[in-house]
Amino acid sequence: MRVLLAGLCTVDQVQRVAEIPAPGEKVRSLSMDVAAGGPATNAAVTVAALGAGATLLTVAGAHPLAALARADLETHGVDLVDLDPERPDPPAISAIVVRDSDGERTVVSRNAHASSRFVLSMRSLHAQLPHSEDEMPGCVLLDGHHPEVALEVARWAKERGVPVVLDAGSWKPVFPELLPLVDIAACSSLYRGDDPREHGVPVVITTAGPGPVRWSTADGSGAVPVPVTRARDTLGAGDVWHGAFAYAVARDRGDVPGWIEFANEVAAERVRHEGPRSWTAAVAKMGEG
């Protein structure tokens, strides 16, 4: 079983602090971690932790900082397909502060941006996609970053009947063109933009942090509660949720509420652990290969 993911890969520098500093204030961190980040990237780590194959289509490039992301993904079993491996620019970097008392975080980051080199590299994208039935993924997950990649992968999946899940955490300009190719749109409570239903998306899901996850289809709607847990670190919890959801779709057992329930449980396990990767061993016990 494999999930194909396409989207952003960043380098995350994570500082854990007693209190998030006020403007102009300096504080000493309790710990510091460096890991690969980004919605599709963290989702790929989740898929791999659960025991499935995870192929990540992204842009890392040749800058020395990209080696940090490559090493992290290799350690955690993600197959990285770099669509512009010679790109000299540094990868997007996220500066993250996590409050020790409740796991809340602040993030300063820059999204991916296109370059002429990257546009040219799109010509080789189809060569990187699976061609045989044995290699075909059970699900595709997109985060909307690198919009040209998202559109091409979504079209490719649509032609082959592979379900496409969109992590619609926030509105992106590519969405009007992308949403008609999507089977499941998972939106955050902060999503502001077109209703995915207006673009023909059959399944629409809205997450709300610790609140119930709501879903709607042509046949009905409902809400699935989130397990009550003490949050130690909320960084990437939404990304983990999307990865677990895509894993459940690829596993193709159950229905929309069942997929949501599984994703809720995995995300709840993630927030119980401090640090960007400390949760993976616990999550591994929740997968079924």
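Reader: What makes the space of about 70 Å³ a cavity?

Author: The largest cavity holds about 70 Å³ of space, and the word cavity is kept for a set of points, on a 1 Å grid over the protein atoms alone, where a 1.4 Å probe fits but cannot get out. Its volume is the space filled by probe spheres set on the points, which are joined across faces, edges and corners. This is a predicted model, in which local features need pLDDT of at least 70 and side-chain atom pairs count only at pLDDT 80 or more, while totals for chains, interfaces and linings use all residues. Residues are numbered from 1 along each chain as its sequence is written, and side-chain values use heavy atoms, with hydrogens and water left out.

Reader: How many cavities of 30 Å³ or more are found, and which residues line the largest cavity?

Author: One cavity of 30 Å³ or more is found in a search of the whole structure. Lining residues have an atom within 4 Å of a point, and those of the largest cavity include Asp12, Ala36, Asn42, Arg270 and Trp279.

Reader: What is called a pocket, and what lines the largest pocket?

Author: A pocket is an open set of points with protein on both sides within 12 Å along at least five of seven lines. The largest pocket has about 1,400 Å³ of space and is lined by 46 residues, of which Arg105, Thr234, Ala237, Gly238 and Asp239 lie nearest its centre. Helix 7 gives the largest share of this lining, five residues.

Reader: Why is strand 5 called an edge strand?

Author: Strands are DSSP runs of E with at least two residues, numbered from the N terminus, and two of them pair if DSSP finds at least two bridges between them. In the open sheet of nine strands, ordered 5-4-1-8-9-10-11-12-13 with mixed pairing, strand 5 (78-82) and strand 13 (220-224) each have a single partner strand, so one side of each is left without a neighbour in the sheet.

Reader: How do you know that strand 1 pairs with strand 4 and with strand 8?

Author: Five bridges join strand 1 to strand 4 and four join strand 1 to strand 8, where at least two are asked for, and both pairings are parallel. Leu5 stands opposite Leu56 in strand 4 and opposite Leu141 in strand 8.

Reader: What makes strand 1 mostly covered?

Author: Four of the five residues of strand 1 (residues 2-6) are buried, a word that means under 20% relative accessible area, with exposed set at over 50% and partly exposed in between (1.4 Å probe, protein chains only).

Reader: Which strands form the sheet of four, and which are its edges?

Author: The open sheet of four strands has the order 3-2-6-7 with mixed pairing, and its edge strands, strand 3 (31-37) and strand 7 (105-108), each pair on one side only. Strand 6 and strand 7 run antiparallel over four bridges, with Val97 as the bridge partner of Thr106.

Reader: How do you know that the span of helix 5 is close to the expected one?

Author: A helix is a DSSP run of H or I with at least four residues, and its expected span is 1.5 Å times one less than its number of residues. Helix 5 (residues 147-160) has 14 residues and reaches 20 Å from its first C-alpha to its last, close to the 20 Å expected. Among its buried residues are Val149, Leu151, Val153 and Trp156, and the helix is followed by Gly161, whose phi is positive, near 70°.
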